[in-house]
Amino acid sequence: MSHVDTDVSPLPPDLAAESARTWDRPADVSVVPDELRPPTAASPQDRVRALRLRHQLRERRAHEFVADQLSSRKGLPIAEPRRVVRFIGRLLAERKHVVAAVLLANALAAGAGLLVPRLLGALVDSTVADVQAGRQDAALAAANSMAVVVAGIVVLQGLLTFAAQASSAVLGQGVLAAAREYVVRAILRLPLSRVESAGSGDLVTRVTRDVGTMSESVRWALPQAIIAGTTVVLTLVAMLGNSLLLSVPSLVLMGLALIQVRRYLARAPKGYLTEGGTYSRINTTLTETVEGARTVEALGLGALRLRRGEGDMEVSGQAERYTMTLRNLLFAVMDLAFSLPRVLVLLLGAVGYAQGWASLGQITTAILYTEALWGPFEILVHTVDRVQVGIASTTRLLGIATVPPDREAGAARPAAPDLVGRDLRYAYRADHDVLHGIDLALRPGERLAVVGPSGSGKSTLGRLLAGIHGPRTGTVEVGGVGLTSLPLDVLRSEVALVTQEHHVFIGSVRDNVVLAREDASDAAVIEALRAVDAWDWVERLPEGLATKLGSGHTQLTPGRAQQIALARLILADPHTIVLDEATSLIDPRTARHLEGSMSALLTGRTVVAIAHRLHTAHDAERIAVVIDGRIVELGSHDELVARDGEYSALWRAWTS
């Protein structure tokens, strides 16, 4: 296999170099400060000091990242902590009976398990007393009876534990389902303009990695935290009931461990949020590189994009080092706190027994309770760590729901199909308008072509006329009602945008077509497919309308997928269609066939055609020429050619 040089561009060297330069960052600028790199030669003391300084710098970077995300008006934000607490609290409150069942079942299971150490301690004391009194037979009989009782308790505990696990699974799956539904609804409500400004990488990361992390926390970590927390509390109560003296080591060490747990909980959320943000950055760069692969190859940007990706991973590595350090500090303290209580209880028990403060039975019970306490406590701390990761992901997911809507639906409805735009201005970035005071009134039933050089604002104007974006100033009204004040279902029955982008969802052919009108009958679906010349091939599919489409099922060619999209519009029946070169990404033969299919869709409707290829504009009744965000000419093809202005120059360049 031959090696392909990613830096070789088919463009002239000077042009390729200039184009690549606009994307490059200065060679001496690093995405990671030198202070975050460990020293190559230093004394042990200096290495420790440098390690502490790196940890502090990573902590500061995490704080700055979260503060920036909370205050940012661009991209996708994150939610405030109290919103997450309210969200989780609401999900649990909606399932209060299941939560009560989980707590009760775990409390009974833990209580049954805690009876055994207490009974064994009592057996030790009674056996010592019987042996000292010479009643060996009584001691043996008591041991046999106790064995039967303990066996019964163990069986009962097993049954209660099964019930606790089952109820925990029901709770986890129910909360998970509700949380996912909430997130999906929030995503579907996102303003398209905000999605475009955020980039696909961040949204993809949130709906994949963050949803998966949240799922793990809800299904596993949350129930485990409830189980372990219940066991710890009941064990502490039983331990205090057995002997206050012998409880002191566990209480003191647990208190010291909780100090470190509290420090961890104060810092971990920002660390995990930063970590998630770096994954979004990696995905964004990767997505841009893959989607723009042809541009990367044409301009010889391969090495630059690799450096950009490596820089993103280096930033992510620094974020992960911060959270890893937090975990290491936590678990170091936990390991120490877990090991010492056994030794201290034995030492204190020996002194207490010698002084008559504790019996052998109490010491035995205390040792067993110590084992029973620290196991669940360690699980609880590990679970809290996973919960923190889940909360960070939930914070990012709930941030989607905090994005304000870009429109507010009103009660007014259009009285006529007239579409009028007045003083239209729009900016993707503040103080950088791409449209400058455009006025345009469409005649019902006419075909208007919008032409102009690349980057002149044609597609932006089309999106405003379709109600995808609201103008920065001015209004776009249909029948005297602003497009952005219409509910989306009403808006799409008035004006629809058709682009070269199309999507086939996993589902049947019928499911894909009736997205525009869910109450449509099979006869209406077939009629819509006939109108776009698609019924012939749909009828030949293995199951006709019921044939499954999408990933893992029947795959459609781009042309057929676009026909499905057009059939949806037939059902939606808008009176105005905005075409943004809907066939530009399809091969010419298929494009010509599709243009014939679209004629049924366009007949009797007002059409705005964003024409990147001028042959599309030739047959339009009027042509609007957009230059630098302004309509500089408006008229028929013949009128504009005769005027010998901008359109005439474009037409000569196109036909020469």
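A pocket is taken here as an open set of points on a 1 Å grid over the protein atoms alone, with protein on both sides within 12 Å along at least five of seven lines, and its lining residues have an atom within 4 Å of a point. The structure is a predicted model, in which local features need pLDDT of at least 70 and side-chain atom pairs count only at pLDDT 80 or more, whereas totals for linings use all residues. Residues are numbered from 1 along the chain as its sequence is written, and side-chain values use heavy atoms, without hydrogens and water.

The largest pocket has a volume of about 2,400 Å³, a volume being the space filled by probe spheres set on grid points joined across faces, edges and corners. Its lining comprises 44 residues, and L192, I468, R492, E501 and F505 lie nearest the centre. Two or more lining residues come from each of α5 (136-188), α6 (192-198), α7 (200-242), α13 (488-494), β6 (495-499) and α17 (558-572); helices (H or I, at least four residues) and strands (E, at least two) are DSSP runs numbered from the N terminus. The largest contribution, six residues, is that of α17. By class, the lining holds 24 nonpolar, eight polar and 12 charged residues, where Ala, Val, Leu, Ile, Met, Phe, Trp, Tyr, Cys and Pro count as nonpolar, Asp, Glu, Lys and Arg as charged, and the others, including Gly, as polar.

In total, 17 salt bridges are present, each defined as a side-chain nitrogen of Lys or Arg within 4 Å of a carboxyl oxygen of Asp or Glu. One of them joins R396 to D210, at 2.6 Å from N to O. This pair connects distant parts of the chain, with R396 in helix α11 (residues 360-401) and D210 in helix α7, 186 residues apart. Both R396 and D210 are buried, that is, under 20% relative accessible area, as against over 50% for exposed and in between for partly exposed (1.4 Å probe, protein chains only). Salt bridges with shared partners also join D34, R37 and E314 into one network.

A further salt bridge links E59 and R267, whose closest N and O atoms are 3.5 Å apart. E59 belongs to helix α2 (residues 44-71) and R267 to helix α8 (residues 244-291), a separation of 208 residues. E59 counts as buried because its relative accessibility is 18%, while R267, at 23%, counts as partly exposed.

How values were computed. 1 Å grid on protein atoms, 1.4 Å probe; cavity = no way out; pocket = protein on both sides within 12 Å on 5 of 7 lines; lining within 4 Å.
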